[in-house]
Amino acid sequence: MQAQQVRIDKEELLSDNWYILKRLTFSLRRRDGSWQSQTREVYDRGNGAVILLYNLGRRTVLLTRQFRIPAFVNGHDGFLIEAAAGLLDNASPEQRIRAEAEEETGYRIDDVKKIYDLFMSPGSVTERLHFFIGAYEPEHKVGDGGGLAAEGEDIDVLELGFDQALAMMASGEIMDGKTVLLLQYLQLHLMSAQT
């Protein structure tokens with residue numbers, strides 16, 4: 001059994017206003033066996049799920065566009081094009097992503113396929129993101145989508161040709177990391193078989 005590699009020495013709550021921000025002081029056993037003390041801030045917003053909805057026959061994808069203040073304060077106009085996503089909020093990843101897809105896009109998708117879990121920003125954010133894909137058809141549309149106004153969401157639903165979405169990724173119009181990963185997955189595993 002491997003010896004203990006990490007000890008949490010001190011934990012300070014810095015904020016629990018929106019989510020939880022803590023300052024952790026910890027000791028890390030280095031490869032040479034010595035212990036090194038470090039201090040880091042860790043943001044815990046819970047785990048989430050994301051889904052890329054696609055239609056192979058029509059070679060289309062459903063994406064969303066919504067305002068993101070962190071992107072805005074980092075020199076972007078703030079309106080990011082993304083795959084539908086949301087926090088788990090004590091639901092299973094599969095349950096939550098079906099609900100998010102319907103809330104954001106207006107499409108009810110029963111058959112979803114999980115492709116992987118990833119940490120998107122592990123240097124400071126605890127979130128583990130569950131990635132899904134799901135096929136959609138016009139008859140799956142049950143509403144307008146747009147998100148929940150009570151949660152501050154005002155989401156545009158975009159149905160794009162797959163090649164157009166790839167071009168937007170290449171040009172920088174699509175800059176959201178989770179969406180880029182899903183588009184690349186779709187390109188490698190499903191769309192390339194259709195050409």
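Mentor: On a 1 Å grid over the protein atoms alone, a pocket is an open set of points where a 1.4 Å probe fits, with protein on both sides within 12 Å along at least five of seven lines, and lining residues have an atom within 4 Å of a point.

Trainee: Okay! What kind of model are we looking at?

Mentor: This is a predicted model, where local features need pLDDT of at least 70, side-chain atom pairs count only at pLDDT 80 or more, and totals for chains, interfaces and linings use all residues. Residues are numbered from 1 along each chain as its sequence is written, and side-chain values use heavy atoms, with hydrogens and water left out.

Trainee: Which residues line the second largest pocket?

Mentor: Its lining is made of Val6, Ile8, Leu24, Phe26, Arg40, Val42, Pro122, Gly123, Ser124, Val125 and Thr126. Strands β1 (6-15), β2 (20-29) and β3 each give at least two residues to that lining. Strands here are DSSP runs of E with at least two residues, helices are runs of H or I with at least four, and both are numbered from the N terminus.

Trainee: How do β1 and β2 run against each other?

Mentor: β1 and β2 run antiparallel, with eight bridges joining them. Two strands pair if DSSP finds at least two bridges between them. A hairpin through four residues takes the chain from β1 to β2.

Trainee: Which residues other than glycine have a positive phi?

Mentor: Aspartate 89 is one of them, with phi near 50 degrees. Asparagine 90 is another, with phi near 65 degrees. You will find aspartate 89 in the loop between β7 and α2, and asparagine 90 is placed in the loop between β7 and α2 as well.

Trainee: Are those two buried or exposed?

Mentor: Aspartate 89 counts as exposed because its relative accessibility is 57%. Asparagine 90 is exposed too, with a relative accessible area of 86%. With a 1.4 Å probe and protein chains only, exposed means over 50% relative accessible area, buried means under 20%, and partly exposed lies in between.

Trainee: Let's switch to isoleucine 97. Where is it?

Mentor: Isoleucine 97 sits in helix α2. Its relative accessibility is 0%, so isoleucine 97 counts as buried.

Trainee: What does isoleucine 97 touch?

Mentor: Setting aside residues up to four places away in sequence, isoleucine 97 touches Ala49, Val50, Ile51, Ala84, Ala85, Val112 and Phe132. Contact means heavy atoms within 4.5 Å. From C-alpha to C-alpha, isoleucine 97 and isoleucine 133 are 9.9 Å apart, while 36 residues separate them in sequence.

Trainee: Back to pockets. How many residues line the largest pocket?

Mentor: The largest pocket has 43 lining residues, and Arg45, Arg68, Pro70, Glu82 and Lys178 lie nearest its centre. Among the elements that each supply at least two of its lining residues are β3 (35-44), β6 (79-82), α2 (93-105) and α4 (177-194).

Trainee: Glu82! What touches that one?

Mentor: Aspartate 176 does: beyond its neighbours within four places in sequence, aspartate 176 is in contact with Ile81 and Glu82. Aspartate 176 belongs to the loop between α3 (162-171) and α4. With 11% relative accessibility, aspartate 176 counts as buried.
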